[in-house]
Amino acid sequence: MKGWQQFWRQLSLFGLLALVLTGCGKDELSALKPSGPVASMQYDLMKLSSAIMIGVFIVVMLIFTYVLIRYRKRPGQQGVPKQVEGNHALEILWTVIPFLLLIVMAIPTVTTGFALHKEFPKEEALQVKVTAHQFWWEFEYPDLGVATAQDLVLPVGKKVQFQVTSADVMHAFWIPALGGKIDTNPGQENKIWLQADKTGIFYGKCAELCGASHALMDFKVEVMDQTAFDSWANGMKGVQSKEPVAATAPSAAQGQEIFNKSCLGCHAIAGKGGKLGPNLTNFADRERVAGILAHTPENLAEWLKDPQKVKPGNNMPNLNLDDAQVKALVEYMSTLSVK
Amino acid sequence: MSAHASHAPAPKRSGLWDWLTTVDHKKIAILYLIAGGIFFLAGGYEALLIRLQLMYPEASVVGAKTFNELITMHGTTMIFLAVMPVIFALMNAVVPLQIGARDVAFPFVNALGFWLFFFGGVLLNTSWFLGGAPDAGWTSYTTLALNQYSGRGVDFYVLGLQIAGLGTLIGGINFLVTIINMRAPGMTFMRMPMFTWASFITSGLILFAFPAITVGLVLLMFDRLFGGNFFNPDAGGNVVIWEHLFWIFGHPEVYILILPAFGVISEIISTFARKRLFGYSSMVFATALIGFLGFMVWAHHMFTTGLGAIANTLFGLATMLIAVPTGIKIFNWLLTMWGGQIRFPTANLFAVGFIPTFTIGGMTGVMLAVPPADYQYHDSYFVVAHFHYVIVGGLVFGLFAGLYYWWPKMFGKMLNETIGKWNFWTFFIGFHLTFFPQHFLGLMGMPRRVFTYLKGQDLDVGNFISTIGVFGMTIGTILFLINVVVAAKGKRAPADPWDGRSLEWTIPSPPPEYNFAQTPLVRGLDAFWIEKMAGNKGMTPAEPLGDIHMPSPSFLPFLMSVGLFIAGYGFMYHNYVVVAIGLILTFGCMFARSVKDDPGYHIHEDEIEEKGVKA
Amino acid sequence: MATHHANAVLPDEPEKATLEGKNKILGFWLFLGGETVLFGSLFATFIALRDQANGGPTSQQLFDMPLVAAATLLLLTSSMTSVMATLALHKKNLKMIQVWLTITVLLGLGFLALEIYEFVHYVHEGHKISTSAFGSAFYTLVGFHGGHVAFGILWITLLQLSAVKKGLTVVTAPKFYLACLYWHFIDVVWVFIFTVVYLMGMIGGKVG
């Protein structure tokens, strides 16, 4: 029977997929594994709306399956079926019930919506300014005197109020495990609040097409307890209020020379340097190289040799360094720690 | 009717010249179908490359920039150059026949609409060979789309779509006037078939939506080519204005896409269940309501833009409301089949397969309408899954259904049923395999428009399955093409192969040039079915047999479109001599058309092949 | 085609006497609906960007009431004369149609001349399409309207010339009707431009 076949094929398909995908994603990345109140509220809305919709779908599929089996033309069946214009009672029923279901969805939608748009001043939340660039993330903590990039360090269990913008094209700031996203528009400032209730590393993504390396614009969120966070912030502030420390090891010192000549124009270390590229003060403590490569000396060397190959279209030029220079730079950069 | 037509014999044109100069809606329908079909294959090939690149993490089937070109062109081509033209193919082939008319209100403008679409589409696709296709997404957000951040490809997008969009706009006006003014006697609005109703409301949406995108494209063109600052924040511009203009068009656009499919499904379900459509009046009302509400919800594409809680909530609630008339339609289709005698030729397989698939797409649509939840879904693969469910699982299934259904009327041949069943099942299963996992990929943190994804993010399995599904859809599409070739060699189709209910089935397959020897008299909804139930073989004519006046063919629509095509290149390359040549060609043809009246020609009473009944 | 000028055989409301005529009139009203959305989008964009002068001249500094008032007077009067042309159409009097349309065209040309002078003056003041978002929005909105006026003038002139040979028939009547309808439309758009761009631009706002 055609209808029956259809139904079972579909069911088994979905069943199979559901089974395979019940991994539901990584703790660090999945919106289905909320690690904070914002993501939880959003996940609750997802569950409510999908439950209601699945309920509707089941009703539709029951009628659908029944109709296809029961009213399929049998061989030799003659005559014209009764022509039915409509049925007022039914039509009212399937207008009113969906409408009521929408009201059930609408109420938490409205309350959650307004709760998420609250803005928290510095007495109630840690303030962080986010500026998105092609293809990296700049983070500033104005009340703490700290500027950093790529790794967003946050205290656990505390509200964080973000002001986001972009330095070039539209990007979008998204940490799925902590909450939904907000667009970063050039020339404008948007606001969003998030809170992480677990310590650990969470993955951040850019979620608005922004050029060739949009897919490679990951950032990391490092959530730690309040003491550790304070110590990190103080360490950063301390380092950033002074001149860069002179490297002692000869190879690292050579690297620092190269750095001062070729990199300081765009990158800042401690209190010195440009702002066109990411702040590198605590580069050695970062999870990744260029946001995406595992943090190893080999990968850093690969990046320094040919940035365009790792992240097509990014704004870091190829400095045409030879292997010795790269090695020295790598040595220097592994001293850039605030721990 | 005009009393001044020339009594010269009908011009005999054949071959390519016939097709380049035709103003006959039936031939224009075939032109739309062929061109749309070719662009569909191009868009499908782009999709294949996209999914091959995403089959494995960190793959290098194509590079980052090429990938961005592929996704941009896939979306733009499929929406503007593939499915919309096929919709226009069906509207052209069917609507005049369903209302008992001999052509559309403005046959010349009809041809112009086709050639403008065609040349706009060609211009856009030459970008592949002229330095690179546009790569800022089919939505072309600023400031990425400004020339500081993207190359000449976006100019092709801006100019190609303006030209193609103009064609669509005039097509919409044409169908509105045709349906309002040219229905056969007795066919009141509430006796029109659902496909005609759907075409009518869709045409209204086209009329009011396309000017918004036209303005957006013009402003983007000014910024890119003439130093404008609409979207440049450094000079006071605002990037969000583009989003508003685009989506004020973009949301009605997706209803422009789906409403004709709804019309097709209504026709087919009704015919193959041998029952009249359940709840016809509420179907009409629901379609109109969906069209109207479609203009009120555009900012649900912009929930994360920063419009604020009040705007987001209002737009979210309005969006949820659209679920109500859509649900009404689904229940009406189910109840149409209830109590019927359902047959399953391929047309009905696609129509029936549409129901659960589109329902799933609608469900995820309601989920997306909740703004706080959308902050997670937006710009992730969840959205990609949603819109492919409604556009492919809804619209494309509807288009396949309509093609299988109306193929005999358009071409005089039946598509093969065995190949059709294989076409359906491979495409259907392939479709679900491709897009169902993508819901989960999005929820698991995969953004959209990414040329790759990193290893170790748990995104591998879903992407792999999704790519496998594409092979199914590819096979399904190839089977359809094979079917077209096989059908061409088949037997001639009868006038009424499906035991139909509406006027198009009362005339031969394919119809004669003039459609109806005598305009029929309509006595109610499902005009042909009423006559059949009363024991009549055909329709009662509403006029005596007489000479039939037809519009003359013309090469001017082709030339006018070529003129704009040329001017488009001139603008892009800042060559104003070329611009002048192109515009002079276009406006010169307009001038010629205005000055030289078209008297048309007559088909004489004795040339009419059928034996008409003298009223 | 009939080339006789005998208006006696012409039906009343000749523009609607044929199916083609009715179709054209309905089609053109619908087209004007689309044009309304087009201009509406340009107005919305202008309103959003009107204060973004990017250091260049602002609307308060640029706009000059006497010039704009004169242009408005010319255009509004030309709309009235096009109404007179439509009345002549219904009286089936081709000669008077031509008289009134000639005046309409001359007034329209006067409007365009003032507008071109105005734009040249603004450019000298440093207000260009590339100066700022305000500049882009201003020239696009007002320039598009001017382009529509220019097209209308060409169209009406063309009809006038072709009517010399073809006369007033059920085929040419709808063309006159539509051209006058179009002229009214661009006049209505100008009323909005005058109000939203010029009047509202001359009051309030930031200085310098």
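User: Before we start, what's the numbering, and what are the pLDDT limits?
Analyst: Residues count from 1 along each chain as its sequence is written, and chains are lettered from A and ligands numbered from 1 in the order in which they are written. The model is predicted, so to speak of local features takes pLDDT of at least 70, side-chain atom pairs count only at pLDDT 80 or more, and totals for chains, interfaces and linings use all residues.

User: How many helices and strands in chain C?
Analyst: Chain C has 6 helices and 0 strands, where helices (H or I, at least four residues) and strands (E, at least two) are DSSP runs numbered from the N terminus.

User: And what does its C-alpha trace span?
Analyst: About 65 × 30 × 25 Å along the principal axes of chain C.

User: Switching to the neighbours, how many residues of chains B and C are in contact?
Analyst: 34 residues of chain B touch 34 residues of chain C. On the chain B side, H6(B) gives the most, with 8 residues.

User: Which classes make up that side?
Analyst: It has 22 nonpolar, 11 polar and 1 charged residues. Nonpolar covers Ala, Val, Leu, Ile, Met, Phe, Trp, Tyr, Cys and Pro; charged covers Asp, Glu, Lys and Arg; the others, Gly among them, are polar.

User: Where does chain A sit relative to chain C?
Analyst: No contact joins them, and their closest C-alpha atoms lie 12 Å apart.

Conventions. Contact = placed C-beta atoms within 7 Å.
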